[in-house]
Amino acid sequence: MKIRKQGGIVTFKVNDYVVYGSMGVCQITDIRKDEYINNDETEYYVLQPVYNNNMTIKTPVNNPNAFMRAIITKDEILSLIAMMPKIDPILIDNGKQRCDYFKAALKTGKNEEWVKIIKTLYEEKKAKSVVKKKLTKTDEGIMNTAEKQLNEEFAIALNISPDEVLSYILEHIPE
């Protein structure tokens with residue numbers, strides 16, 4: 001993927017894959033100019049969420065408030081997988097503070113943060129199952145969102161399906 005810098009803003013080209021906010025992985029299907037509110041012509045990315053064909057997103061190319069980044073590379077995935085055993089779970093006892101932390105971590109778009117969330121909630125889920133309890137619906141939803149984001153991005157970068165990501169990670173994780 002070729003990324004150009006234009007005035008300090010990272011720009012992408014048609015067919016690039018990006019992570020766009022909480023929408024997850026999108027492909028840039030077009031870059032076009034449209035007239036905007038004040039008759040100003042603005043250049044937009046037209047994004048198609050990879051795993052949601054029912055939606056198209058338009059975002060200005062020069063929008064500093066839109067979170068958009070290039071997807072992770074295979075080498076970065078392998079590096080992240082190698083780090084996974086060393087990633088510490090999040091230790092926040094206060095439920096509201098922990099939930100707020102999780103929600104903020106999801107919004108960062110950072111794979112390492114998603115892994116921390118997944119690891120924390122997976123360990124909690126395992127501990128609760130021993131005493132026949134379950135995660136709260138909020139925690140379950142947060143874990144599912146983090147897994148979905150991570151799996152979809154890894155799948156595109158590795159050219160596999162999201163369902164194959166967990167087995168890929170397990171095959172490559174250090175003992």
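Among contacts in the protein between residues at least 6 apart in sequence, 49% join residues at least 24 apart. A contact here means heavy atoms within 4.5 Å. The model is predicted: local features need pLDDT of at least 70, side-chain atom pairs count only at pLDDT 80 or more, and totals for chains, interfaces and linings use all residues. Residues are numbered from 1 along each chain as its sequence is written, and side-chain values use heavy atoms, with hydrogens and water left out.

Confidence is given as pLDDT, the predictor's confidence in each residue, from 0 to 100. The protein has a mean pLDDT of 87. A value of 70 or more is reached by 91% of its residues. Over residues 1–8, pLDDT stays under 50. For that stretch the model has 20 contacts beyond four places in sequence.

The protein contains five helices and seven strands. These are DSSP runs numbered from the N terminus, with helices (H or I) of at least four residues and strands (E) of at least two. From the N terminus on, the order is β-β-β-β-β-β-β-α-α-α-α-α. Taken along the principal axes, the C-alpha atoms fill a box of roughly 60 × 35 × 30 Å. Of the 175 residues in the protein, 35% are buried. Buried means under 20% relative accessible area, exposed over 50%, and partly exposed in between (1.4 Å probe, protein chains only).

Helix 4 (residues 137–158) packs with helix 2 (residues 95–108) at an angle of about 20°. Their axes are 11 Å apart. Axes are lines fitted to C-alpha atoms, for helices over the stretch in contact, and angles run from 0 to 180 degrees between N-to-C directions. The angle makes helix 2 roughly parallel to helix 4. Angles under 35 degrees count as roughly parallel, over 145 as roughly antiparallel, 65 to 115 as roughly perpendicular and the rest as oblique. Helix 2 passes helix 4 in a left-handed crossing. A crossing is left-handed if the near helix is turned anticlockwise from the far one by less than a right angle, and right-handed if clockwise. From helix 2, R98, C99, F102, K103 and L106 take part. They meet T138, D139, I142, T145 and A146 in helix 4. By class, the contact of helix 2 with helix 4 has five nonpolar, two polar and three charged residues. Ala, Val, Leu, Ile, Met, Phe, Trp, Tyr, Cys and Pro count as nonpolar, Asp, Glu, Lys and Arg as charged, and the others, Gly among them, as polar.

Helix 3 (residues 111–130) also meets helix 4. Their axes come within 9 Å and cross at roughly 135°. That makes helix 3 oblique to helix 4. The crossing of helix 3 and helix 4 is left-handed. Residues of helix 3 in this contact include W114, I118, L121 and Y122. Those of helix 4 include I142, M143, L150 and F154. The residues of the contact of helix 3 with helix 4 comprise 11 nonpolar, two polar and six charged.

Helix 5 (residues 165–172) is a further partner of helix 4. The two axes come within 9 Å and cross at roughly 75°. Helix 4 and helix 5 are therefore roughly perpendicular to each other. N151, F154, A155 and L158 of helix 4 make the contact with V165, Y168 and I169 of helix 5. This contact of helix 4 with helix 5 has six nonpolar residues, one polar and no charged.

E152 is found in helix 4. At 8% relative accessibility, E152 counts as buried. E152 touches V25, Y51 and P162, not counting residues up to four places away in sequence. D75 is found in helix 1 (residues 74–83). With 62% relative accessibility, D75 counts as exposed. D75 and G21 are 54 residues apart in sequence and 23 Å apart in space, C-alpha to C-alpha.

Most residues other than glycine have a negative phi. N15 lies in the loop between strand 2 (9–11) and strand 3 (17–20). N15 counts as exposed, at 52% relative accessibility. N159 is found in the loop between helix 4 and helix 5. N159 is exposed, with a relative accessible area of 71%.
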